[in-house]
Amino acid sequence: MAVKKNRAVYQFKVTLRNIHPPIRRRIQVWEDVTLAQLHRVLQTVMGWEDYHLHEFRNGRKIYAVPDLDDERKIIDVKRTRI
């Protein structure tokens, strides 16, 4: 994939719920990263080691790693850009 010369950068504020004191991170990613890449960034900045399954949700849409045993309609994070 050719890289655009003027790519936008998105900034996210990530806050863990129900944790005291609050744990927050502010991250920036290029506009063309996939949700799978965003997951890897979150793992790194939070100091996590990818021990658990993950999914992103937007309304009723669910983005995750497809699983044949999961009957829900899952959109592949590797093919979805933010």
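1. Buried here means under 20% relative accessible area, exposed means over 50%, and partly exposed lies in between, with a 1.4 Å probe and protein chains only. At 16% relative accessibility, D32 therefore counts as buried.

2. The model is predicted, so local features need pLDDT of at least 70 and side-chain atom pairs count only at pLDDT 80 or more, while totals for chains, interfaces and linings use all residues. Residues are numbered from 1 along each chain as its sequence is written, and side-chain values use heavy atoms, with hydrogens and water left out.

3. A salt bridge is taken as a side-chain nitrogen of Lys or Arg within 4 Å of a carboxyl oxygen of Asp or Glu. The count by this rule is five salt bridges.

4. One of them joins the side chains of R7 and D32, at 3.2 Å from N to O. The two residues are 25 apart and link distant parts of the chain: R7 is in the segment before strand 1 (9-15), and D32 is in the loop between strand 2 (24-30) and helix 1 (35-46). Helices (H or I, at least four residues) and strands (E, at least two) are DSSP runs, numbered from the N terminus. R7 is partly exposed, at 23% relative accessibility.

5. R72 pairs with E55 at 3.0 Å, N to O. This pair also links distant parts of the chain, 17 residues apart, with R72 in the loop between strand 4 (61-64) and strand 5 (74-76) and E55 in strand 3 (residues 55-58). R72 is partly exposed at 36%, as is E55 at 31%.

6. R72 also forms a salt bridge with D70, at 2.8 Å from N to O. D70 has a relative accessible area of 25% and is partly exposed. A network of salt bridges links E55, R57, D70 and R72.
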